[in-house]
Amino acid sequence: MKKIFSRPESLRDVPTHYCPGCGHGIAHRLLAQAVDDLGIREKVIGVAPVGCAVVAYDYWNFDCCEAAHGRALAVATAIKRVRPENIVFTYQGDGDLAAIGTNETIHTANRGENLTVIFINNAIYGMTGGQMAPTTLLGQKTATSPRGRNADSEGYPLKISELLAQLPAVKYIERVSLHSPQEVLKAQRAIKQAFQNQIENKGFSLVEILSPCPTYWGMSPDQAVEWVKETMSKEFPLGRIK
Amino acid sequence: MAKIIINREKCKGCLLCVSFCPKSLIVADKDLNRRGLNPAKTKDSSGCTGCSMCAIICPECCIEVYK
Ligand SMILES: Cc1ncc(C[n+]2csc(CCOP(=O)(O)OP(=O)(O)O)c2C)c(N)n1
Ligand code: SF4
């Protein structure tokens, strides 16, 4: 028998600190697989966020840099401009990319920097204990919205991907999900495409990944993937946005 | 002919593989691993087709598939 599925070379063989059933682990593997498939392990430079994925650089087997909370795209812009021959990506949560980092996100996209962005939308702040994120759904209970998010006082779930798609310099945006093996395979294709675009100098590419956070959604891993499928993906429709 | 190998020490027992195996060949082990978690284990690999659904959904990348 031949081995047909194993760990990508770009994913270190170390245990992660993520909770059981957390989507970050799947997303890390998909990203590592894309790097392997495209043969860019010696050329890629990742920028890790602040959030649960803060030590992602310990898990990937290629060069990485850490940015202050929300500033990943500013750091990535600098790296890419100084070293245009490298393939530069950021990996950011919804708090990082769409709350504290909204400014960097919008302006980097508007400048059309030739970067790849992996945006993990889990509708919550995981690292700090489950507070409301810009992407938290209406009615969703979090540590800072104990009665559920209310549009009158907290506004609506922020569809940052749709907002960014309005910018002329943005080349590619796709929203994918991790709620089943079939959707994971689609996510894998989208991540590879976002890297391919950078290799071909096409410009700013972003993949938004709907990702379960069973711990702070107060669900089992099973219930969490079901919630992504039945509830979250209704608010954040899947597919190519641009 | 296909089979999977689950690394029981790396498994965190999320059991997403159990839900997504189309042949229901995976179960939770009653014995704890060294982390103190009930890892996934194969109940019976005779019907395994090597479809890799379990490995694709595994957040720990602790399932290898052979065919
Ligand atoms: C300047 C600054 N402000 C606030 C924080 C606290 N903080 C750490 S992670 C985080 C939010 C993380 O949420 P998200 O980006 O959605 O990632 P997740 O943990 O859910 O993967 C916050 C507010 C910080 N570390 N630095
Ligand atoms: S808190 Fe949520 S996002 Fe953070 S590791 Fe746990 S499941 Fe993942």
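Reader: How far is an oxygen atom of ligand 1 from a polar backbone atom of Ile124(A)?
Author: This is a predicted model, in which local features need pLDDT of at least 70 and side-chain atom pairs count only at pLDDT 80 or more, while totals for chains, interfaces and linings use all residues. Residues are numbered from 1 along each chain as its sequence is written, chains are lettered from A and ligands numbered from 1 in the order in which they are written, and side-chain values use heavy atoms, with hydrogens and water left out. A polar contact with the ligand is a pair of N or O atoms within 3.5 Å, and for the backbone of Ile124(A) and an oxygen atom of ligand 1 the distance is 3.1 Å.

Reader: Which residue has a side-chain N or O atom 2.8 Å from an oxygen atom of ligand 1?
Author: A polar backbone atom of Asp96(A) also lies 2.8 Å from an oxygen atom of ligand 1, but that contact involves the backbone. The side chain that places an N or O atom 2.8 Å from an oxygen atom of this ligand belongs to His24(A).

Reader: Which helix gives the largest share of the shell around ligand 1?
Author: Around ligand 1 there are 16 residues (a heavy atom within 4 Å), and among those that come nearest are Cys52(A), Asp94(A) and Gly126(A). Helices are DSSP runs (H or I, at least four residues), and strands are runs of E with at least two. The largest share, four residues, comes from residues 94–100 of chain A, which form helix H3.

Reader: What is the angle between the planes of Phe62(A) and Phe89(A)?
Author: Over all chains the structure holds seven aromatic pairs (ring centres within 6.5 Å; planes under 30 degrees apart stacked, over 60 edge-to-face, the rest tilted). Phe62(A) and Phe89(A) form one that links distant parts of the chain, 27 residues apart. Their rings are edge-to-face, with 5.9 Å centre to centre and an angle between the planes of 80 degrees.

Conventions: A polar contact is a pair of N or O atoms within 3.5 Å; within protein, one must be able to donate a hydrogen and the other to accept it, and residues adjacent in sequence count only if both atoms are side-chain atoms. Rings of Phe, Tyr and Trp (its six-membered ring) pair if their centres lie within 6.5 Å; planes under 30 degrees apart count as stacked, over 60 as edge-to-face and the rest as tilted.
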